[in-house]
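Biologist: I would like to learn how to read a helix in a model like this one. Please go through it feature by feature.

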Amino acid sequence: MKKYTHILGSANHQRLAPAGASSGARHPPLPAGTTKRTTPQSARRPPPMSTRKTPSTAATLASDGGIGNLTHEQRAEIREIFDSIDVNGRGFISVSQLPDIMRTLGHNVDNIDTMEEWREQIDPNGTGKITYDALENFVALLFDNMEQQDQLMNAFRLFKPDATSLEDARITLDDLQKVSVHLGESIPVDELREMINIADVSGSGGVDFNDFMRVMRKTGLF
């Protein structure tokens with residue numbers, strides 16, 4: 001496992017990512033507007049490829065004292081959206097407004113399961129209400145998950161730069177050999193093969209993206 005962590009970490013550190021991989025700011029500014037405006041395509045973040053289960057917003061807020069990874073501009077946009085709905089100043093909005101809010105933020109809400117999971121995260125007690133703090137922290141958690149997902153996809157592509165679909169791609173022994181040679185690492189074939197066997201939970205003969213995410217998180221690289 002140490003060798004596996006080393007080669008993955010070294011590859012990621014040297015950024016062997018294919019051309020076009022993003023290395024910009026932590027999060028782009030949220031699109032300006034209210035729930036009735038259309039977000040420009042260039043300002044939209046891509047929808048998450050999968051939604052990972054996270055602690056409820058309320059629980060995270062209680063344990064962490066709030067999420068501080070949003071910019072002032074992003075917080076201002078979230079406040080503008082919230083206030084445009086809470087026109088009477090009650091301090092909360094209906095959870096039924098969540099799909100419209102997420103569309104305004106440029107997210108695809110067509111997946112019913114994802115939408116239900118979001119509702120459970122932002123309103124774990126089923127009150128039917130969303131406060132501003134709950135909305136802000138939920139968006140921050142969602143952005144964190146999306147950013148990590150993007151980083152993991154880019155890291156996976158370090159080994160499969162020509163893959164057209166992550167769903168079908170597998171990191172093979174040959175891929176590990178190419179990367180190790182590029183990094184100047186002298187790792188015996190038997191050890192490289194063991195790396196594949198350790199990560200290949202599905203037994204497909206290679207490391208798919210789900211296997212890759214599991215190993216990267218287990219080793220603490222992400």
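Modeller: Exposed means over 50% relative accessible area, buried under 20%, and partly exposed in between, with a 1.4 Å probe and protein chains only. Helices (H or I, at least four residues) and strands (E, at least two) are DSSP runs, numbered from the N terminus. The model is predicted: local features need pLDDT of at least 70, side-chain atom pairs count only at pLDDT 80 or more, and totals for chains, interfaces and linings use all residues. Residues are numbered from 1 along each chain as its sequence is written, and side-chain values use heavy atoms, leaving out hydrogens and water.

Biologist: Which residues of helix α5 are buried?

Modeller: Within α5 (residues 112-122), the buried ones are Thr114, Met115, Glu117, Trp118, Gln121 and Ile122. They lie on the same side of α5 because they cover an arc of only 160° around the axis. The arc is that of the directions from the helix axis to the C-beta atoms.

Biologist: What caps the N-terminal end of α5?

Modeller: Asn111 does, with a side-chain oxygen 3.0 Å from the backbone nitrogen of Asp113.

Biologist: Is Asp175 buried or exposed?

Modeller: Asp175 counts as buried because its relative accessibility is 9%. Asp175 belongs to helix α7 (residues 173-182), and its side chain reaches the backbone nitrogen of Thr172 at 2.9 Å.

Biologist: How much of the chain is buried?

Modeller: Of its 222 residues, 41% count as buried.

Notes: Polar contact = N/O pair within 3.5 Å; in protein donor to acceptor, adjacent residues only side chain to side chain.
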